Amino acid sequence: MIYIELVKIETGEIIDVISYRTQQQQNIIEQERRKLLSKSNDNFIFVTYKACKQLNIDSSIFTQSDIARIIYIASYSTNKNKLMITERTPMTRDKLFELMNLDVKFFNRFYNKLIKNNVLIEKEENLYFNENIIFFGKIKSHKYNVIRVYKDSIQKLYNSVSAKQHKRLSILYMLIPYINIKYNIICHNPFESNKNQVEPITLEELSKIFNYNIKSFIVLIDFLSDLLDKNNNPVIKQVLNTKNKKDNTIIVNPRVIYGGNDISDVEAY
């Protein structure tokens, strides 16, 4: 940063200090910002838009609460989608039970449902997550559009709420099919790259999409707004468009869920 002092010629008194960055300094700052994003990108999984839409609507198999639990399990995916607790400790059914903090009978039913529907795959006592839904690693020729979901934040969120609140938490992940891949705005056209043409979805519109009455949905969104990521930043931010809260729109924290390449495109964060 360069500082310029404005001085009264008559007295030598400093009356103001102006600061600015040179282009070189700005380039360095931008490089550091990208390094930060790249570093955080070492710790994410890819979620397919298609899979999230299926989870949203297929309530005959998975409940709304199940969605948060499924994303949480996927956060332990590593190479070849093998679930690992640490780099050297594979995930087992027993350890998964301990981590999920669910009643044993409920966990058993849930686990069997995951196996039956090929969400989880058992191989020689190791667990693997179905890569057609969520996968870890590089995008090669995956046929569906994907978005990053960050492991550390997923795990912090899951562990910061009770089992009874999993249904509320799941709304965050149910928003994925509506997240703009560049600006993280919840919108009608998530693949629009021109910000002026992005069409945000209001809370009233979202409440109808998810079959909530507007008062209950506003309470739910306020609940999500109070949740924090691993860096203690809000998971979502509401944009006030009018005095009526039903007209609010949402921007999602890009260090929790993000599909773009430059985090600075997300102005609220």
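Partly exposed describes a residue whose relative accessible area falls between the buried range, under 20%, and the exposed range, over 50%. The views below come from a predicted model.

**View 1. Lys246 and Asp247 form a salt bridge.** The closest N and O atoms of this pair are 3.5 Å apart. Lys246 has a relative accessibility of 24%, so Lys246 counts as partly exposed.

**View 2. A salt bridge joins the side chains of Arg69 and Asp66.** The N to O distance is 3.5 Å. Both residues belong to helix H3, which covers residues 64-74. Arg69 and Asp66 are three residues apart in this helix, and therefore about one helical turn separates them. Arg69 is buried because its relative accessibility is 5%. Asp66 is buried as well, with a relative accessible area of 1%.

**View 3. Salt bridges link Asp66, Arg69 and Lys113 in a network.**

**View 4. Glu267 and Lys195 meet through their side chains in a salt bridge.** Here the N to O distance is 2.9 Å. Glu267 lies in the segment after strand E10 (257-258), while Lys195 lies in the loop between helix H7 (166-174) and helix H8 (203-209). The pair therefore ties together parts that are 72 residues apart in sequence. Glu267 counts as exposed, at 65% relative accessibility. Lys195, at 31%, counts as partly exposed.

**Count for the model.** How many salt bridges are there? The count comes to eight, including the pairs Lys246 and Asp247, Arg69 and Asp66, and Glu267 and Lys195.

Note on methods. Residues numbered from 1 in each chain as written. Predicted model: local features only at pLDDT ≥ 70, side-chain atom pairs only at ≥ 80, totals over all residues. Heavy atoms only, no water. Salt bridge = Lys/Arg side-chain N within 4 Å of Asp/Glu carboxyl O. Helix = DSSP H or I, 4+ residues; strand = E, 2+ residues; numbered from the N terminus. Buried < 20%, exposed > 50% of the residue type's maximum accessible area, 1.4 Å probe, protein only.
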